[in-house]
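Work through these exercises with the structure in view. Try each task before reading its solution.

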Amino acid sequence: MDKAGILMIISGPSGSGKGTVVNELLKDEQFALSISATTRNPRPGEIDGKHYFFKTKDEFKNLIEENMLLEWACFCDNYYGTPLKYVTDRLEEGRNVVLEIEVQGALQVKEKYPEAVLVFLIPPTLDELRKRLTNRATETAEVIEKRIERAGEEIELIDRYDYVVINERIDEAKRDILKIVCAEKMNVKRNENIKKLFKGESL
Ligand code: 5GP
């Protein structure tokens with residue numbers, strides 16, 4: 001079987017519960033999370049280097065110019081991007097790397113790495129989405145509306161994704177994602193060297 005890790009992207013509207021589902025996945029050693037760079041301000045409790053690498057606009061521009069980002073995008077007036085080296089190093093080690101990123105960035109990654117697996121996480125209803133965003137109380141009403149509007153735009157691109165997972169219960173969403181990883185590991189395209197086995201060679 002192919003020993004390289006899977007590059008898995010999890011997208012979904014703000015309030016879809018991506019962060020919580022991803023944290024659950026990370027309890028398993030096979031997963032590594034890519035920490036993004038962003039120009040947005042830290043929310044209360046967010047730590048530089050743990051939740052994000054918080055950057056000024058100039059610092060972010062430098063990362064782009066020096067080709068240090070795998071992808072980047074502007075989301076609701078802030079820039080977000082994935083540091084490249086961390087991702088490639090972990091994949092080589094055989095870890096599955098999770099990127100929790102928005103749709104534009106996800107599609108850039110799919111262009112560069114067609115073998116990346118794109119998962120779209122959605123809440124069971126729009127009402128639930130609004131409720132989760134409001135209960136989170138980390139954004140102003142204006143930002144919440146902007147994010148809900150953006151969610152409507154993002155769902156239009158769901159056809160470009162490989163899988164959709166409905167996040168009604170965290171444990172079930174996690175289980176569904178683990179099933180996707182399991183199936184992907186067995187995908188023939190990832191196991192082209194399997195033919196060697198029948199020529200008496202080791203894999
Ligand atoms: P938040 O501000 O809520 O932390 O993130 C806003 C959006 O940016 C979310 O959809 C999140 O998945 C996305 N995001 C976080 N990091 C990255 C990144 O490195 N690249 C891209 N394209 N989107 C990101």
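Predicted model: local features only at pLDDT ≥ 70, side-chain atom pairs only at ≥ 80, totals over all residues.

**Exercise 1.** Find which strands stand at the edges of the open sheet of 4 strands.

*Solution.* 
- Start with the strand order, which is β4-β3-β6-β5, with mixed pairing.
- Now look at the ends of that order: β4 (53-54) and β5 (69-75) stand at the edges.
- Each has a single partner strand, so one side of each lacks a neighbour in the sheet.

**Exercise 2.** Determine the sense in which β3 and β6 pair, and find the partner of threonine 38.

*Solution.* 
- Locate strand β3 at residues 37-38 and strand β6 at residues 78-83.
- The two pair in the antiparallel sense, over 2 bridges.
- Threonine 38 has tyrosine 80 in β6 as its bridge partner.

**Exercise 3.** Decide whether the residues of β1 are buried or exposed.

*Solution.* 
- Strand β1 covers residues 7-11.
- Buried means under 20% relative accessible area.
- Of the 5 residues, 5 are buried, so β1 is largely enclosed by the rest of the structure.
- Check the faces: Leu7, Ile9 and Ser11 are buried on one side. Met8 and Ile10 are buried on the other, so both faces are covered.

**Exercise 4.** Trace how β1 pairs with β7 and with β8.

*Solution.* 
- Take β7 (residues 96-100): β1 pairs with this strand in the parallel sense over 4 bridges.
- Leucine 7 has valine 97 in β7 as its bridge partner.
- Take β8 (residues 117-122): 4 bridges join this strand to β1, and the two run parallel.
- Isoleucine 9 stands opposite leucine 118 in β8.

Terms used
Residues numbered from 1 in each chain as written. Heavy atoms only, no water. Pairing = 2+ DSSP bridges. Buried < 20%, exposed > 50% of the residue type's maximum accessible area, 1.4 Å probe, protein only.
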